[in-house]
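Me: Please go through this structure with me, and for each label set the value against its cut-off.

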Amino acid sequence: MTQAFMLNGLTGFSDAQTPDTRQDLTGLFTEKPQSGEVTMGENITFVAKVNAESLLKKPTVKWFKGKWMDLASKSGKHLQLKETYDRNTKVYTFEMQIIEAKANFAGAYRCEVASRNKFDSCNFDLTVHGEKRQLVVLLMCCDFCSSTDGNEDSGELDFSALLRKRAVQASSDPDVDVWKILSGAPASEYEKIAFQHGITDLRGMLKRLKKMKKEEKKSEAFLKKLDPAYQVTKGQKIKLAVEVANEDVEVKWLKNGQEIQPTGRYIFESVGNMRYLTINNCSLADDAAYCCIVGEEKCTTELFVKEPPVTIVKNLEDQMVMKGERVELECEVSEEGANVKWLDFLLITQLSGGDESFKYRFKKDGCKHVLIINDASKEDCGHYKVKTNGGESMAELLVQEKELEVYQSIADLTVKAKDQAVFKCEVSDENVKGTWYKNGVEVKADARINITHIGRIHKLTIDEVKPEDEGDYTFVPDGYAFNLSAKLNFLEVKIDFVPRQDPPKIHLDCMGRTSESTIIVVAGNKLRLDVPITGDPAPTVIWTKGEKVITEGDGRVHVETTKGHCIFTIEGAERQDEGIYSVVVRNPAGEDTADINVKVVDVPDPPQTPTIVSVGEDSCVVTWEPPLFDGGQPIIGYVLERKKIKSYRWMRLNFDPYPRTTYEARRMIEGVAYEMRVYAVNSIGMSRHSPASKSFVPVAPTSEPIGLCVDDVSDTSITLKWRRPEKIGAAELEGYGVEYCKEGTDEWIPAIDGLTDRTSMIVKNLTTGDKLQFRVRAYNMAGPSAPATLAQPVTIREIMQRPKIWLPRILRQTLIKKVGDTVNIVIPFQGKPRPKVTWSKDGEPLSPQFASVRNSEVDTILFIRKTERKHSGQYDLQVQIENVEDTAKVMLQIVDLPGPPEALKIVDIWGFNVALEWKPPKDNGNCEIVGYNIQKADKKTMEWYTVYEQYRRTNCVVSDLIMGNEYVFRVFSINLVGFSTEPCQTKDSVYIQKTGIVYKPPSYKEHDFSEAPKFTHPLMNRSVIAGYNATLSCSVRGIPKPKVTWYKNKMDITHEAKYRMLSKQGVLTLEIRKPCPFDGGVYMCKAVNDSGEDIVECKLEVLPTLTTNIHLKADH
């Protein structure tokens, strides 16, 4: 098929002088462009003129090179298209200017002009003279070589990419020589050969074949001419050979009419009477028509250069990105400069893009092709496909919302007077800012309070802590709906009187802990426990774990003692550090002991290897066992990932922990092998991934077989037939399973052992007289399909004569009757015993009130006394004996006169012409409208004259009207039955007057500046202190100015004295005078105008005044 298409294209180009095949040439040109000659590097202009005086619509002009290459998109450095209009003469002038002509600009050109139903075209040639004159064969429309780059050479014709496309198509059937088949076939077989090989221009090929046969007459100069066509693969060489009568004669070789000069690629040889042209390293530019000339005689041939299809060497990879990031989907093809097509996630729309303003951009780098998606959003999720003429590849893109992770939260602090308190937290995004609050009030930096933000770390430092610094401190990241909180405890130690010898004491209660407290530390983190101790003289401190004494030093677990404190430190906690630690303090006055339970928690171990339980068309069910160790914290859930076997990138399936150990994964590609792995998650973090599951392929069972029926029944056997399932899927069909069961039982018995690959089966060794039900299921790798079952059980006994309907020939096509006619259809049939006859219409049983049916042993009669439109439709006849049946269908069409056309109106009036337009009738009489009858009448006489008969279109131009007369028009619709009973007549009359004396000023639609209210700045949630005035502000826009109403808890507060509403330049302010806790709630602002309304609301929290400080006192 492709080869024939290429031959057709070459035919159109080589026969540049062939007349245009379009019909209805009306001679629109007043001046046609003429053929011209130009020297390389010079300019030439072609001019076409069209007279628009008699045209209803402005003419459109297209310029072509060859047969189909539209030059409208090629304007640039070397091509300019211009258009001018002369109002006095009403003549359009169209110019095509070629600048700095090159050798490859030579060839055949065409200019086409069209206006409504009128069309005209003309052909002309351009010859370019120069030292090297080489004509490039145009095979199809191609882009300018640099039009996408936008450089200074934009507009230059380059056909390399085009030639590659056409040559690729030719490679589909390289061994078929269509010319040879046509030349040896009789004329009666031409259409059959054209259909088999996909020839689209059979007439053009036969013309050229006729020329070739004429040239086969005896030649005086050639003993053996060139073959009609040659074919060669790109990159190889080919030798064209002719045998001449005179061995001393010289020959000339031409390519597309231009003489070939001998070069490294073109080699001429002369051996005796043989003359050879060898073309080395054939390229797509060598795909052309070649000619050998000896004196006045010549012989020609066609050379086709084929190119292998472009395949995808490296497939696209699935990607998962965060919202707002840039995505690059990259593939690699087998050839540089190949054209690829990108499809979006609906797989139906071709993507387009170019500069930075587009959503999608494309990049080529040699064999690599990249699709770039800027600023990815959730709407970009889905599958993306890249296609070439030799393959395709698909990948999935997942876009996840950015989540702010907390690496280190702020912790409670207990400090003494004059000490320093430092709250510190670390988040995942270093660009996120935040605000510190104390008891709900924003903390401001001053001489004692320092707020810092360095990278991902946020710090609040309080120097020389005072009792009033005690309270709840909160860090709120900007733009995220969560906060981090901790408490600052102020430790005030008062010692009234200390005797000279005070027994030692461990003050664990000052740290908010007791002797039974458990300290939890995350594995890998540092644990520092600062325990206050008292005693005089200073006690000695001993730390132990079990029987092992922990000494002071620089080890990973060490202790140190300072005045009033003993410090226990674990650097990088590990699981073996878990246990009970004892601290003993002694001095001459006594001793004190305390036990501290340290628990080390960690991420869990990885789950067990996941198992694939079942697979579907695009899904699978996976299950796994929990990890052996949960890390000391309960398992919150699991995170799953999947990967294509041939890929290296894992795609996450869920971002929130999944609580169960069975998961159904979806959105996979059928027929592609995958593997899965699982992570376990607890409150500490995520485990390492589990081992990957065994590979699996998502595949669905086929649909059920269709058309199951009984073909034959005997006393001991039955023959069943069915058709393949409509949907096979990615897996191959393995076969069919046939089963049967006796009526009244549920036990299905296989008819044969195993499966059959045929779509029919004879089930043997059955018991005569049994009533059996049969079913068939299709099997593939995914298992059996849904069963196809017979409509009713079958009795196993031989049928003496199979039912058969003998449908008359006249009923094999649609039977057409007029409304009111009588229908009497007689259809004979056969069958023994007497078959059951059933009539139905459009799938519903036939009612006796609708039509009469009479059945005999040999025929059936369908009788309708007086037909109506509702009797139209398909009538189905079924003749049945047991489960063996025969069916036939009869199409009945009841037709009537059509209704009148609709909406007849006068579109335009000029000169002595009137343009009319109408719509087809609503009622076509149940058959096709074959035309319209257009009539005119002078309003003085009202005598109607026919203008057009059997007119097919729904618009026309009535010409030759008489100046000074007033006309009305009407239109009848026509169908198979006849004219419509009523015409459609114009509401207004038309007065034919002198042209050009009535000026119709243009009308302009007044612009509507109205705009619905819209809040440009919303209300913000606020917390205020009771007793101090508070304000809520927002801004709104709208035309006309909207009416504004304020509400509290959905109650109108416009007339309440406590509130004051202000509005200035669209800025709305609500002032609340000295609010109390009762004034807290939800405040709403509503703006309304004629174009719509908008609302905005916020929450106001009124905090009571803080007057109390809380102090902790230590016991001595």
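Reply: The protein has five helices and 86 strands, where helices (H or I, at least four residues) and strands (E, at least two) are DSSP runs numbered from the N terminus. This is a predicted model, in which local features need pLDDT of at least 70, side-chain atom pairs count only at pLDDT 80 or more, and totals for chains, interfaces and linings use all residues. Residues are numbered from 1 along each chain as its sequence is written, and side-chain values use heavy atoms, with hydrogens and water left out.

Me: What makes Trp543 and Phe568 a stacked aromatic pair?

Reply: Rings of Phe, Tyr and Trp (its six-membered ring) pair if their centres lie within 6.5 Å, and planes under 30 degrees apart count as stacked, over 60 as edge-to-face and the rest as tilted. By this rule the count comes to 18 aromatic pairs; for Trp543 and Phe568 the values are 5.0 Å centre to centre and 20° between the planes, hence stacked. Trp543 lies in strand 39 and Phe568 in strand 42, so the pair ties together parts that are 25 residues apart in sequence.

Me: Why is Trp543 called buried?

Reply: Buried means under 20% relative accessible area, exposed over 50%, and partly exposed in between (1.4 Å probe, protein chains only). Trp543 has a relative accessible area of 2% and therefore counts as buried, and Phe568, at 1%, is likewise buried.

Me: What makes Tyr658 and Tyr663 an edge-to-face pair?

Reply: Their rings are 4.9 Å apart centre to centre, with 85° between the planes, and are classed as edge-to-face.
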